[in-house]
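Please look over the sequence and the structure below before reading on. The paragraphs after them are meant to be read with both in view.

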Amino acid sequence: MEKNVGGYDRIARAVLGPVLIIVGAAGLAGFLTIAAGTLGLVVAVAALLVGAVLATTAVTQKCPLNELLGFNTYEGAATTETESAGKPRAQ
């Protein structure tokens, strides 16, 4: 899988991911009341999982959902066919 997360997308994931991890962990530990009863537990676990996914995709710069939907915000040094046509192949 090629990198497809970059720019503001990566920054948002890098900020939001850890925040959601902290909120989810605080909710599970009882330091933060998100909602009462089972709903609070479900919301805390969901926040923890979503935060972990966002943080992971920010670090790896690879997001399966972006690939599935055809989004690519990564602006790395991707060689195009015309750029590589003039270069000899290494053997």
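The model is a predicted one, in which local features need pLDDT of at least 70 and side-chain atom pairs count only at pLDDT 80 or more, whereas totals for chains, interfaces and linings use all residues. Residues are numbered from 1 along each chain as its sequence is written, and side-chain values use heavy atoms, with hydrogens and water left out.

The secondary structure of the protein consists of four helices and zero strands, so that the order from the N terminus reads α-α-α-α; here helices (H or I, at least four residues) and strands (E, at least two) are DSSP runs, numbered from the N terminus. Of the 91 residues, 19% are buried, where buried means under 20% relative accessible area, exposed over 50%, and partly exposed in between, with a 1.4 Å probe and protein chains only. The accessible surface amounts to about 6800 Å², and carbon and sulfur atoms account for 66% of that area; such areas come from the Shrake-Rupley method with a 1.4 Å probe, and for residues only the protein chains shown count as cover. Among contacts between residues at least 6 apart in sequence, 77% join residues at least 24 apart, a contact being heavy atoms within 4.5 Å.

Helix α1 covers residues 7–29. Its 23 residues should span 33 Å at 1.5 Å a residue, and this agrees with the 34 Å between its end C-alpha atoms; the expected span is 1.5 Å times one less than the number of residues. R13, G17, G24 and A26 are buried in α1, and the cover over the buried residues of this helix includes α2 and α3. Because D9 and R13 are four residues apart in helix α1, about one helical turn separates them. An α-helix has 3.6 residues a turn, so residues three or four places apart point the same way. R13 counts as buried because its relative accessible area is 10%. Just after α1, G30 takes a positive phi of about 90°.

Helix α2 takes in residues 37–60, and its 24 residues should span 34 Å at 1.5 Å a residue, in agreement with the 35 Å between its end C-alpha atoms. The buried residues of α2 are G40, A44, A47, G51, L54, T57 and A58, and what covers them includes α1. One of them, L54, is buried because its relative accessible area is 18%. Leaving out residues up to four places away in sequence, L54 touches R13, L16, G17 and L20; L54 and L20 are 34 residues apart along the chain, and their C-alpha atoms are separated by 9.0 Å.

On the surface, F31, L32, I34, L39 and V43 form a nonpolar patch with about 480 Å² of accessible area together. Patches are made of residues with over 30% relative accessible area and no salt bridge, like charges being joined within 9 Å and nonpolar side chains (Val, Leu, Ile, Met, Phe, Trp, Tyr) within 5 Å. L39, which lies in helix α2, counts as exposed because its relative accessibility is 54%.

An unreviewed UniProt entry lists residues 12–32 and 38–59 under "transmembrane region"; UniProt positions are given in the numbering used here, feature names are shortened, and annotations may be inferred rather than shown by experiment. In the model, residues 12–32 are 86% helix and 0% strand, with end C-alpha atoms 23 Å apart, while residues 38–59 are 100% helix and 0% strand, with end C-alpha atoms 32 Å apart.

Q61 has a positive phi of about 60° although it is not a glycine. Most residues other than glycine have a negative phi. Q61 is buried because its relative accessible area is 9%. Among the contacts of N4, leaving aside neighbours within four places in sequence, are Q61, K62, C63, N66 and E67, together with F71, N72, T73 and Y74. N4 lies in the segment before α1 and counts as buried because its relative accessibility is 4%.

Notes:
Salt bridge = Lys/Arg side-chain N within 4 Å of Asp/Glu carboxyl O.
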